[in-house]
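Please open the model in your viewer and keep the sequence beside it. The tour goes from one selection to the next.

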Amino acid sequence: MITFTLDQQTIQAAQGETILKAAQRHGIDIPHLCYKDGMRADGNCRACVVEIKGERSLAPSCCRAPTEGMQVKAASPRAIKSQRLVLELLLSDMPDRGYKWQVDNETLQHGELSEWTSRLKVTVRPELKALRRNQPMADISHPAMAVNLDACIQCNRCVRACREEQVNDVIGYAMRGAHSEIVFDIGDALGDSSCVACGECVQACPTGALMPKSQIGSQIVDKKVDSVCPFCGVGCLLTYNVKDNTIVSVDGRDGPANHSRLCVKGRFGFDYVHNPQRLTMPLIRKAGVSKDPQQLNALNRNTADWSDVFREASWEEALAIAGGKFKSLRDTFGKKSLAGFGSAKGSNEEAYLFQKLVRTGFGSNNVDHCTRLCHASSVAALLEGVGSGAVSNQVNDVEHSDLIFIIGSNPTSNHPVAATWMKNAAQRGAKIVLADPRITDMGKHAWRTLQFKADTDVAMLNALIYTVIDENLGDQQFIIERTSNYEALRQNVKGYSPEAMEPICGIPASTLREVAREFAKAKGAMILWGMGVSQHVHGTDNARCLIALASVTGQIGKPGSGLHPLRGQNNVQGASDAGLIPMMYPNYQPVTDKLAHQWFENFWGMPLDNQPGYTVVEIMQKILAKESDPHKVRGMYIMGENPAMSDPDLNHARHALASLDHLVVQDIFMTETAWLADVVLPASAWPEKTGTVSNTDRMVQLGKQAIDPPGQAKADLWIIQQLASRLGLSWDYPGEHSGVAAVFEEMRQAMHTSIAGITWERLQQESSVTYPCLSPDDPGTPTVFIDQFPTADGRVKLVPADIIPANERPDSKFPFVLITGRQLEHWHTGSMTRRATVLDAIEPTASASMCEADMFALGLEAGDMMTIRSRRGTVAVEVRIDNGTPKGAVFMPFAYHEAAANLLTNSALDPVGKIPEFKYCAVSIERGGVSAIAGYR
Amino acid sequence: MTNTSKPVVLATVDELRASIPHKGKPVGKLKGRQPDEQSIQEVRALIGDAPHRRDLLIERLHQLNDAFRGLYERHLVALAKEMNISMAEVFEVASFYHHFEIIKGDDKAPGLTIRVCDGLSCAMSGAQDLLEKLPQYLGNQDIRIIAAPCVGRCEQAPVAVVHQYPVIAATLASIKEAVSNNQTQHPIDQHPTSPAYINYQQYLDSGGYETAKLISQDESDEERILSIMESSGLRGLGGAGFPAGRKWRIVRDQPAPKLMAINIDEGEPGTFKDRYYLERDPHRFLEGLLIAARVVGIDACYIYLRDEYHGCRAILETELAKLQSAPPFLLPHIELRRGAGAYICGEESAMIESIEGKRGEPRMRPPYIAQVGLFGRPTLAHNFETLFWVRDIVEKGPQWFSDFGRNDRKGLRSFSVSGRVKQPGVKLAPAGITVLDLIAEYCGGMQEGHELYAYLPGGASGGIFPASLAHIPLDFDTLQPHGGFIGSAAIIVLGHHDKARDAALNMMRFFANESCGQCTPCRVGTTKAANLMQASQWDNETLEDLNIVMADASICGLGQAAPNPVRCVQKYFPKEIA
């Protein structure tokens, strides 16, 4: 500790702590504007200057750390004179009308600046007011944010937010002197710039010069409610600002995964909950109206009127029909005739109750969810190899990595806040290796980009493993003490030298060797991957190779290393943990395991099926099975999923869904799947309920209800319980929010070997707890496998993999490869984000990306319509230039119902993970075409 | 004005939804500007293939700016892509420097740019008249005529720079002649614009580099050289006056690798001594640099030369190449870097930022440059002239230098004298000489028809003294009690037809123009002060408040010294502003 005097007091500062922070701790608030907690202090505004004995001029207390015995005066007449003058000068250039009012008071118009001028009773003298600068024009070109630089105080907080925190690097501080100004790119309008609308700048701006359009003016709201972002698996904590039961804006909250950062979806994508298309009444299919899957191909989501197909009903009637028909199907055709898809967008409690309903009410293990479409293969390989399907290290552990290996993942679009930690690591010197057939934004930050040929993951990864073994770069002690089956791996990769693989994967052997060496010798090397790895018929093999690579180099079980499959949905980790998968009870207890089976029969007090159920795509096939098939699926309960958009080969999937005798869909919008339902139950959006979700980092995080659901829409937890009672189950979950705490408590017991230490009360206190967490005083375990793996022998099992080609290769008729995926603004099937004003304004139109060379060859110009055909379907879509797309390939996001990419995709499955090959099928492309849906181009 | 307490509604949600550009929006491209192939090729042709060093951004911008007479937006986009840095970074750097001409949209670069210096000495010699009459006189729409801050040729005032060619003692006719002759480059052998200089061979022939060579061969010599430097009393001649020997010792004690940054961004209005020596005896400076590098243990040297000195750049490029291709001993890495028109880059930390390829924004201290400087390494920062004297001091001994001096002051000073004197120029005179003696003994007296009224002892920042203070010794530390300082020893002499307030306003406008814009007191204060100083009767109360906040709370010397001319006018010339 350092002792110094501040005005009359003697106080202490920690080593490196600034005068400003030390003063704050002692209750002395020195004025400051350019300083913000969590940001690098810049010291430019000079509102915080203090007098230091022995120094000629004043010093910025935000930047200066005291030294022993230093005599500092923050309240001397001289210090205060300059503090006040700085504030007066800044205020003298402000517009008469501000943009960010702390209270409804006309003297406090300019956010933090007004707060300080008010506290110090600073007003602007007329002589300076008369010299107000020439004010720049407002820029309202961006859908989400207004730029009013007449209220800018040049503090650069937005620049630091954009450049140093989010590393999006759109905002600059240009010109000089009194002409200095905040610019976007090269002085472009914000709406025309490369801005990705993370909104970190509006969160950083002290005066309202940069503001969310939705909250200009008074900042007073009815309430602020803490929750978790409902979009991706990163699990950013946030606060909803609520006025009149409406979310008016969102602030990032200091959570362990995001430290107050958000992305465009989390910050500006909230108003889907207020969309007029929300379902507000239970609906029942009108008698005699048939289910026509073809109709969906031409259905305009925004204009279609469901009243031709459905009628409104009371909850009582809807539940009676929904539950009654399930019961009769079960009793008539047997337990295997029913199936359920839960949702990775729902809470842990909903997932838990849903699988419990299927297992105990329907009576089989026919329960699955979209994890099957994203990381099923990764989880299969991880369970086999390391004994746990979850990540070994948390994303922001990349802070401790020397090398960050990102493969088959586009984190700046799909895990934007997680990507910021990787970019921050690159800024401090960590080497990013981006391995992907598409070069995405992360490529700008990469040390090496391996743009390997699509489908050649195993070849490339085996070449890396080969190099490690061949050049003796491996961690021999780790291999000997902590792995099994090494010899088989070593033998297998013998045929995979970088030189032999170069022509196959397209990466020079020298580059492969260089990357392997850096990976092996790094103090910590971490592998993060996405669906580019998992969504192949060889997805499990891809993941096996990653596990082997990390293991032979000893890059697991320590900080800055390990395996991290980046989870897509906000609760895909939690839903899987909770048992929303057909082969496992909660906490990955195999249904075929005698002890587990017995344990759950006891725990739930019901006989349970001991055979695995069918997976997502298999269920679609089982719907269309012969009448004689005892496992033919006839009734389905789908909660919060949209397989009529998200499944591969949609024409087939939609045909299957339309063929069900009984389909109950529980959702917040009339999804494509709901159009094929018999009963539609209006459910609650995430901000309308209380519950927990588990992110990609194994953090269990609490979201609290911020607003009421619209109309008669109900909490999902309530609906599940109601259906359970209609199926004859007698559950009792007392308490507010449909008994969510009681459900959580039951789940905690069912999953005691991983979350015993996480109680509902603790979550209220801490918002976020990482598991494994086994006791109330266990702080949680961010990094696992430090001493052993949770496998039978405690070792990581190395599983060799050989090249398996994609199920459908390009040929002369279908010469292009189609790669599907997501884009920054649109979530999954777009049912939420296409209905979020800002997100849809930024990306309003379906597009598919190609490189210029291919476009030129096809006679295409940017923005032209083109028709893409596969053996299974046809879509027309606009073409976008993206030279990161490899030659011979086209990339399509699958969020657009008017150009549904999954009409084209192949439903071929990985034999182990049962995941479809979304990342690879053969298509043809020709210029021209019209959207199948009226109202779209 | 009263405000209602209603939110400012920019657009309702419905309006936003209606404005969603479903049709016609260019969805065919990724967000923001994308580089086009032609521009990429043009940029590559100039700067070569990637990868590129980030710190060379300003050099790259110069290449484009020279080749296309401006910076087209499409080239900035392509440059960002090629250098793998953000467009914002490229733009904020490009827009910071005066000499980079960013050409917006479909605009075209001017065929030719003429910069007329409006520094005080040139202003007193009719720069304003040139600026007003030139457009019509030249009658060419494609020629852009702009005022420029001091170009460092005050003894040759007025000066107009035709592209890169300085027309000295400029008249309308001589400027037109340069334009018609397409004289746009600065030849290094054209008198009197460029005097004859001692080249590498000549310097070697007269015993040059012998001293440096001896030192380079004898490690034990370092301590001896250090003590010579310390006892010579040589102080930093850029203006700050930090004892050179002490600085060497401080940096020498820092961990390797260590770097040196040499400041030839001579931008203080009225100062031209570095240019004067550089265009006559460049190797004497380089030898000083090599001695310093050797003694301090420097790994790489970066010479930062102001962009206005195109002739000096040609000399340095030529002579450095000769030195490096036939080195008398093992040389450290030496790079010549080109400024781009920014007074503030004469501030050592701003210069360092600029060498790193960034905006020239001064850094906060601590940490000091000696500990954390260029590229985060311990750095020895020196003014050109400081190094220029090293060889003589080492060879002739510390006494040689400290024996000079008058009025109890020690050493030599190179005064850049301009304004109303008969013989302006660089005057090497004893430290402590008074301005009266300097004018009488070194400058041939005052110009005909002018009597000494006032003088600026240290360029724009050093204050303005009345003739009644013409008897005080000119040196470091002697002027502070009177509200000024000597700085780079740029003496601008005003006669009785001149006004101190005009000089002060010229200076404040200069500061406002040259403020980097980083800190509030300087960014806002200089502009507001320049505004207030136009009034016939000054608002002294407000001005004094601005003085206080600028002097006390600015980050660097620019803002801290900006009040000096104001305060001097208030103190010594109150009648002019009453």
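What follows is a list of stops, each with something to select and a note on what is there.

**Before you start**

This is a predicted model, in which local features need pLDDT of at least 70 and side-chain atom pairs count only at pLDDT 80 or more, while totals for chains, interfaces and linings use all residues. Residues are numbered from 1 along each chain as its sequence is written, chains are lettered from A and ligands numbered from 1 in the order in which they are written, and side-chain values use heavy atoms, with hydrogens and water left out.

**Stop 1: the cores**

Select B:Trp248, B:Phe285 and B:Leu289, the residues with the most contacts inside the largest nonpolar core, which has 316 residues. Such a core is a set of buried Ala, Val, Leu, Ile, Met, Phe, Trp, Tyr and Cys residues joined through side-chain atoms within 4.5 Å. Buried means under 20% relative accessible area, exposed over 50%, and partly exposed in between (1.4 Å probe, protein chains only). Helix H14 (residues 282-296) of chain B gives the most to this core, with 9 residues. Helices (H or I, at least four residues) and strands (E, at least two) are DSSP runs, numbered from the N terminus.

Now stay on B:Phe285. Apart from neighbours within four places in sequence, B:Phe285 has contacts (heavy atoms within 4.5 Å) with B:Ile262, B:Ile264, B:Ile303, B:Leu316, B:Phe384, B:Leu387 and B:Phe388. A second, separate core has 55 residues, including A:Val458, A:Met501, A:Phe519 and A:Leu549.

**Stop 2: the largest cavity**

On a 1 Å grid over the protein atoms alone, a cavity is a set of points where a 1.4 Å probe fits but cannot get out; lining residues have an atom within 4 Å of a point. Grid points are joined across faces, edges and corners, and a volume is the space filled by probe spheres set on the points. There are 13 cavities of 30 Å³ or more, and the largest has a volume of about 520 Å³. Select A:Met531, A:Gly532, A:Gln535, A:Thr820 and A:Lys919, which are the closest to its centre of the 34 lining residues. Strand S34 of chain A supplies the largest share of this lining, 3 residues.

**Stop 3: where the chains meet**

Show both chains: 86 residues from chain A and 76 residues from chain B take part in the contact. The area buried between them is about 6,500 Å², with 55% given by carbon and sulfur atoms. Buried area is the accessible area (1.4 Å probe) that two parts lose on being put together, summed over both. On chain A, select A:Leu89, A:Arg176 and A:Ile186, which supply 13% of the area that this chain buries against chain B, more than any other three residues.

**Stop 4: backbone details**

Most residues other than glycine have a negative phi, and most peptide bonds are trans. Select B:Ala50 and B:Pro51, which are joined by a cis peptide bond with omega about 0 degrees. B:Pro51 lies in the loop between helix H2 (37-47) and helix H3 (57-68) of chain B. Another cis peptide bond, with omega about -10 degrees, joins B:Arg365 and B:Pro366.

Last, select A:Arg46, which is not a glycine but has a positive phi of about 70 degrees. Is A:Arg46 buried or exposed? A:Arg46 counts as buried, at 3% relative accessibility.

Definitions and conventions:
1 Å grid on protein atoms, 1.4 Å probe; cavity = no way out; pocket = protein on both sides within 12 Å on 5 of 7 lines; lining within 4 Å.
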